[in-house]
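Student: I've got a model open and I'd like to work through it piece by piece. Can we take it as questions and answers?

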Amino acid sequence: MSYKAIFSDIDGTFLTTQHEVLPTTAAAVKQLTEEGIPFVLVSARMPAAIQHILKSIGIRIPLISYSGALVLLADGREVYSKRMPAEETACILGQIETRWPQAVVNYYAGDTWYVRETGDPHVQREIAITQAMPREAEFISLLTQGQLPHKLLCMCEPTVCEAMERELQVAFPLLHVVRSSPILLEIIEASISKANGIRVLLDDFGLRPQEIIAFGDNYNDVDMLEYAGLGVAMGNAPQEIKEAADETTASNDEDGIAKFLKNVGLLRNLH
């Protein structure tokens, strides 16, 4: 099979454990894009938290943000946007505050990140990782103003995160609730998925799922790993994710993406 586009998760996949892009990974993306093979970053992150990565490499490529809720072309044009319904958002915010008051909730709308307290240690950690800056706001006020979110993000301890995922997904069938790491819980509109975001771009590219490779490392990557013609789990992925993928490559700290692309013949003279 001749693969014609590459899709990659960011955290734990495209970036190292230290949240950096390895030089070989950057060179691989440049080489592929120069040869007309689209390389697309697919993430739960907001656009601003992805753009600084692209600037560091010196490229402009399409983005799938908020796990598929917002899709942008390389020139920044928006080709897809799906926000959470107001009533469900208000209800789930209320339930989280009542059942899990220790969870730190983040509210993302468009390319703006809202929090209740910017000084919260969890928020500060996210700022350091993403290099994006939040604004303080009351979430119910945002809803009242019609500023519906593309995504809610809950930060909490692993056992709490797992319990929230299990209970909230049952209680809110109109929403999709999934962990993106042991301490992060993503909440988006139910029809949204990374696979759906990829589908939007494949229509634009004129390609089929069989013609693409997707890389991922966590639970919110499973749908795109299964959707792609070749789904590749990183060596640092949990065993469940590896079992859902077609292949497994080296870890994100060991140039897993570049090594795999070289092995399948998509990269030339890459050291």
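Predicted model: local features only at pLDDT ≥ 70, side-chain atom pairs only at ≥ 80, totals over all residues.

Student: What kind of link do the side chains of E186 and K151 make, and at what N to O distance?
Tutor: E186 sits in strand β11 and K151 in strand β9, so their pairing ties together parts that are 35 residues apart in sequence. The two side chains meet in a salt bridge, with an N to O distance of 2.9 Å.

Student: How many residues apart in sequence are the parts tied together by K4 and E211?
Tutor: The K4 and E211 side chains form a salt bridge. K4 belongs to the segment before β1 (5-8), while E211 is in the loop between α8 (194-205) and β12 (212-216), so the parts they tie together are apart in sequence by 207 residues.

Student: Which residue forms a salt bridge with R99?
Tutor: The closest N and O atoms of the pair are 2.6 Å apart, and the partner is E167. R99 lies in helix α4 (residues 86-99) and its partner in helix α7, so parts 68 residues apart in sequence are tied together. R99 is partly exposed at 40% relative accessibility.

Student: Helix α7 keeps turning up. Which strands does it lie across, and at about what angle does it run to β10?
Tutor: Helix α7 covers residues 158-171. It lies across β9 (151-155), β10 and β11 (184-189), and its angle to β10 is about 165°.

Student: What is the strand order in the open sheet of 6 strands, and which strands stand at its edges?
Tutor: The pairing in this sheet is mixed, and the order is β8-β7-β6-β9-β11-β10. Each edge strand has a single partner, so one side of it is left without a neighbour in the sheet; the edge strands are β8 (135-136) and β10 (175-181).

Student: On to the loops. Where does D255 lie, and which side chains does its own side chain contact through polar contacts?
Tutor: D255 is in the loop between β14 (247-248) and α11 (256-263). Its touching residues, leaving out those up to four places away in sequence, are L22, T24 and T25. The D255 side chain makes a polar contact at 3.0 Å with the side chain of T24. Another, at 3.2 Å, goes to the side chain of T25.

Student: How far from D255 is the nearest side chain of opposite charge?
Tutor: D255 counts as buried because its relative accessibility is 14%. A salt bridge needs a nitrogen to oxygen distance within 4 Å. D255 has no salt bridge, and the nearest side chain of opposite charge, K259, is away by 6.4 Å.

Student: What is phi for D255 and for H19?
Tutor: D255 is not a glycine, yet its phi is positive, at about 60°. H19 lies in the loop between α1 (10-14) and α2 (23-34), and is partly exposed at 36% relative accessible area. H19 is likewise a residue other than glycine with a positive phi, near 65°.

Definitions and conventions:
Residues numbered from 1 in each chain as written. Heavy atoms only, no water. Helix = DSSP H or I, 4+ residues; strand = E, 2+ residues; numbered from the N terminus. Buried < 20%, exposed > 50% of the residue type's maximum accessible area, 1.4 Å probe, protein only. Lys, Arg positive; Asp, Glu negative; His and termini not counted. Polar contact = N/O pair within 3.5 Å; in protein donor to acceptor, adjacent residues only side chain to side chain. Contact = heavy atoms within 4.5 Å. Pairing = 2+ DSSP bridges. Axes fitted to C-alpha atoms, helices over the stretch in contact; angles between N-to-C directions.
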